[in-house]
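I opened my notebook to look through a structure I had not seen before. These are my entries, in the order I made them.

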Amino acid sequence: VPGFAQWAPCLAGGIVWKRGTKQGAIAGALVGTAMLIAAFIFHLPSFVIIASFIVNALVYVIVSLLTPKPSEHIERMFFDEVEEFLEEKA
C-alpha cells in the first residue's frame, strides 16, 4: 500500500539517525501523504508515488536539520541504552 511507504523515512531515520526530530518526521509524512492523495485525486502518473516518498525523505531531513536537536536524555534513551542492552546479550 503506497500510504504505508510514507512511514518509511521517519521509521528508518528514527532508528539510524540521531539528528532526526519529531517535527521532521511529522512534516515529511504530511507532505508525502498530501502528494500521494493529490496523485490519486488527479489521476497523476504512478511515478508520483515514488516521488512522494523521495520528497517525504527530503522534508524529513531538512526540517530535522532546521529544528533543535533532540536532548541528550532522549538520545541516550533511544540510542545508547539500546546499544548497551544489545551488547550485554551478545
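Entry 1: I am working from a predicted model.

**Entry 2: the buried side.** Which residues of H4 are buried? I listed Val48, Ser52, Asn56, Val59, Tyr60 and Ser64. Looking down the axis of H4, I saw these buried residues fall within an arc of 140 degrees, so they line one face of the helix. I noted the general rule: an α-helix has 3.6 residues a turn, so residues three or four places apart point the same way. Then I looked up what covers the buried residues of H4; the cover includes helix H2 (8-16) and helix H3 (22-41).

**Entry 3: the length.** I checked the span of H4. With 20 residues at 1.5 Å a residue, H4 should span 28 Å. Its end C-alpha atoms are 28 Å apart, which agrees.

**Entry 4: a nonpolar patch.** I found a nonpolar surface patch of about 620 Å². I picked out Ile62, which sits in helix H4 (residues 47-66). Is Ile62 buried or partly exposed? Its relative accessible area is 48%, so I wrote it down as partly exposed.

**Entry 5: the loop.** I moved to His43, in the loop between H3 and H4. The phi of His43 is near 50 degrees, a positive value in a residue other than glycine. Most residues other than glycine have a negative phi. I also noted that His43 counts as exposed, because its relative accessibility is 70%.

Methods:
Residues numbered from 1 in each chain as written. Predicted model: local features only at pLDDT ≥ 70, side-chain atom pairs only at ≥ 80, totals over all residues. Heavy atoms only, no water. Patch = residues over 30% accessible without salt bridge, like charges linked within 9 Å, V, L, I, M, F, W, Y side chains within 5 Å. Areas by Shrake-Rupley, 256 points an atom, 1.4 Å probe, with all protein chains shown as cover. Salt bridge = Lys/Arg side-chain N within 4 Å of Asp/Glu carboxyl O. Helix = DSSP H or I, 4+ residues; strand = E, 2+ residues; numbered from the N terminus. Buried < 20%, exposed > 50% of the residue type's maximum accessible area, 1.4 Å probe, protein only. Expected span 1.5 Å × (residues − 1). Arc of directions from axis to C-beta. Contact = heavy atoms within 4.5 Å.
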